[in-house]
Amino acid sequence: MRSENSTIADGPGLADIQQHKKLMTVWSVTFLILFPLLIVLGLLMRANQGEVVKMEYSTFYSLMTLHGLGMAGTLFSIAYAALSYLIATRYVKLSVALGTTVYFLVVAGVVGLAGACLIGKFGAGWYLLYPLPFIGASWPQWSTGLATVSLLVLGAAWLVGSLHVVLALSKKYGGFSRLMGWAYLGRQEPESELPPIALIATVSLIPGILAFLTAAAFLILFLLQLFEPSLSFNALLLKNLLFFFGHTLVNITIYLAVGWVYVLFPEFSGREWKLNRVTVYGWNATFLFILFAYFHHLYMDFAQPLSLQYIGQIASYMSAIPATAVTIFGIIAQVYHAEIRWTATPLAFTLGGMGWVIGGVAAVVDSTIAINKALHNTLWVPAHFHTYMLAGVVLFILGFLYYLASPQESARENTRAGAGFWLFVIGAYGFLAMFYLAGANSIPRRFADYATMGLASSHQIGALLAQIAAAFVVLLLVGILGVFWGLFVRLIARRTPPL
Amino acid sequence: MKTDLFPLLAALTAQKFSGGIFLMAALVVVGLTTYLILTSRTREEKYAAKKRVYGLRARYFIGLSVILLVALVISLRFLPYERYQAKPDQTVTVVAMQWTWKMAAGSSDQTPLEFTGSNEISLPAGKNIRFVVASADVNHNFAIYNSQGVLVAQTQAMPGYRNELAYRFPEKGDYMVICLEYCGGPHTIMTGKIHAL
Ligand code: HEM
Ligand SMILES: [Cu+2]
């Protein structure tokens, strides 16, 4: 992987930066198109649950599957792209060719998934819970095959991309222990500084690499099963593998996004944000929690070993400590009495931090086994992770895109947030509130509608909340289309400065 | 538990408790964020401001750790797993299959496929019931809802495993059995009924 010029382990050159800019623009425009389409799928689901529209079960579940996989994949991809971009343009040379390959593989994977779900009606849910795709499925086997291969392509793209970033960082900063910031734990100040984004990328992408390898193993078992139907794998084992992958993917999407908040916020606050002993301890702890928290997805599998259930709750609880005490307090230290001009980027970052914490509270509540038995697989679960994603990660992404879309990528040119931005925020919280209310009322998740539950009150409440949610989603969609149009125009108009 | 002494506490389901805690915490977070944004126009010398924030952080760290630790110690005593279950008065075998339930009194040595049962069953109220839950095909989830639509107990039904769920029906009435794991197109119609007598 060593190309001639990267042997000079120095910073990136100007020509290189221009190319990364172009690649980032392509990623951004793709995101601006894909994201609203995936929201429309969410809107259709809520409309069906609210009995405003009526669709077949098979249609609902294939839309749900495409929405879930599409959203999780798109957000991870853009988070990865933005992180790589900041690293490549500021710290370490990254390969443009490899970045471009990752882009095309991701696009191919997404197109494949769309084909499997929209044409093949593949509807196993994002988690393809084994053995569902092979027993009693309402869709043809080829669409299971296409979805599996598409996911393998996505996984391969992310694996290669993550490996590249970690290896490039390691070449420049010197190995795993350096990247984990252990030099900061000694008595003396380290001789050379490690930028926070390098630590965060390492802490996120190494679990990511393990997760992608796990997913590959899982998907290969799927392919074997497709070709040899008499095979049968252990359902609990495959569920563990799957949730290790899914949980890690979504979890590190947040952390990657946090990575660029560390880089960019200081430009708006005028206060530096560097590593120190506390941040390094915090992120090292996070590394472990990312790996072990996923057990909380299997609390209701009573056959899972008891010790793993304990580990799940303890790791989930503990992960709240570094996340808030290090990163959220970092944001507070950036903002507090800093005389900030509240343009779109710092505003989106601050509100994104808020959404992250709110989603985190809901997550910690639900990661309590004694409570999980009342909330597991109710709409409380989508409530919490949609808060993380929509009110957290998406705002972090918006903050980044506002920054990227300014002509020279500087804090001074950052625009103010317009009405569209606020419509988005209001719509998002309204939509999320309905998920929470539904969850607190025991309304199940992954229910195409609530008419056949045999409980009139649940049917009524569930449908009503879904209708209100759909109305908020319309607000949100109008808002985000406004924001995206503005971003699109500015990204396209942005002239790259002459060499 | 002296629930009659605390009628309010008795009416407090785990769902309402969670919703309440969450709502309060969310309001605090929104309030703090608003405060932070509104006061950010004042300028304070950055080292002084940082010092104040980090001083607060130390206290926050200790406070949060204590709260989480206490919550862990308390909550880890209320687990639904076998080791924590009361001695059963009666056993019921439950088999989930696409897209219905098979339930019958007593334990069974039959395979989930062979097992016969009905998706409607009568059970005594006020007794400790042990449900032995298995699946004949894919993953399902055996969930019990009371007549007010409150989810009161659940466990996964997994192919190849038997999960044991304990529940005592607190009062007489009809309870719904609902599948809480997506198991294919007609997942939402996979219901059953328990009459607690
Ligand atoms: C306004 C935006 C969004 C809307 C309206 C929306 C709506 C929905 C709805 C209605 C469901 C099905 C809930 C159920 O009944 O179980 C769902 C599931 C899901 N959503 Fe979203 N969502 C939005 C944004 C997002 C984002 C940003 C993500 C990012 C990861 C995301 C990821 C998922 C996932 C993973 C699922 C679960 C799919 C499954 O169960 O297989 N959504 N969403
Ligand atoms: Cu089922």
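Before you select anything, one definition: a residue counts as buried under 20% relative accessible area, as exposed over 50%, and as partly exposed in between. Keep in mind, too, that this is a predicted model.

**Stop 1: a salt bridge in chain A**

Select Glu193(A) and Lys274(A). Their side chains meet in a salt bridge, with N and O 3.1 Å apart. The two residues come from distant parts of the chain, 81 residues apart. Glu193(A) sits in the loop between helix H5 (175–179) and helix H6 (196–227), while Lys274(A) sits in the loop between helix H7 (235–269) and helix H8 (277–292).

Now apply the definition. Lys274(A) has a relative accessibility of 38%, so it counts as partly exposed. Glu193(A) reaches 51% and therefore counts as exposed.

**Stop 2: another link, from helix H1**

Next, select Asp16(A) and Lys93(A). These two form a salt bridge as well, and their closest N and O atoms are 3.4 Å apart. Asp16(A) belongs to helix H1 (residues 14–49), and Lys93(A) to the loop between helix H2 (57–90) and helix H3 (96–119), so the pair ties together parts of chain A that are 77 residues apart in sequence. Is Asp16(A) buried or exposed? With a relative accessible area of 13%, Asp16(A) is buried.

**Stop 3: over to chain B**

Pick Glu164(B) and Arg130(B), whose side chains meet in a salt bridge at 3.7 Å, N to O. Glu164(B) is in strand E7 (residues 163–168) and Arg130(B) in strand E4 (residues 128–135), so this pair ties together parts of chain B that are 34 residues apart in sequence. Glu164(B) is buried at 18% relative accessibility, whereas Arg130(B), at 26%, is partly exposed.

Salt bridges with shared partners join Glu193(A), Glu272(A) and Lys274(A) into one network. Over all chains, the count of salt bridges comes to nine.

**Stop 4: ligand 1 and its iron atom**

Now select ligand 1 and look for its iron atom. Which residues coordinate the iron atom? They are His67(A) and His386(A), each through its NE2 atom, at 2.0 Å.

His67(A) is buried, with a relative accessible area of 12%. His386(A) counts as buried too, at 16%.

**Stop 5: the shell around the ligand**

Look at the arginines here. An oxygen atom of ligand 1 is 2.6 Å from an N or O atom in the side chain of Arg446(A). For Arg445(A), the distance from a ligand oxygen to a side-chain N or O atom is 3.4 Å.

**Stop 6: a residue inside helix H7**

Select Leu256(A), which lies in helix H7 of chain A. Leu256(A) is buried, with a relative accessible area of 0%.

**Stop 7: backbone details**

Most residues other than glycine have a negative phi, and most peptide bonds are trans.

- Tyr130(A) and Pro131(A) are joined by a cis peptide bond, with omega about 5 degrees. Pro131(A) is in the loop between H3 and helix H4 (141–173).
- In chain B, the peptide bond from Gln98(B) to Trp99(B) is cis, with omega near -5 degrees. Trp99(B) is in the loop between strand E1 (90–97) and strand E2 (100–105).
- Lys121(A) has a positive phi, near 55 degrees. Lys121(A) is in the loop between H3 and H4 and is partly exposed at 30%.
- His337(A) has a positive phi of about 50 degrees. His337(A) is in the loop between helix H10 (320–335) and helix H11 (344–366), and is buried at 12%.

How values were computed: Residues are numbered from 1 along each chain as its sequence is written. Chains are lettered from A and ligands numbered from 1 in the order in which they are written. This is a predicted model: local features need pLDDT of at least 70, side-chain atom pairs count only at pLDDT 80 or more; totals for chains, interfaces and linings use all residues. Side-chain values use heavy atoms; hydrogens and water are left out. A salt bridge is a side-chain nitrogen of Lys or Arg within 4 Å of a carboxyl oxygen of Asp or Glu. Helices (H or I, at least four residues) and strands (E, at least two) are DSSP runs, numbered from the N terminus. Buried means under 20% relative accessible area, exposed over 50%, partly exposed in between (1.4 Å probe, protein chains only). A polar contact is a pair of N or O atoms within 3.5 Å; within protein, one must be able to donate a hydrogen and the other to accept it, and residues adjacent in sequence count only if both atoms are side-chain atoms. Donors are N, O and S atoms within 2.8 Å of the metal (3.2 Å for Na, K and Ca); water is not among the atoms, so sites may look incomplete.
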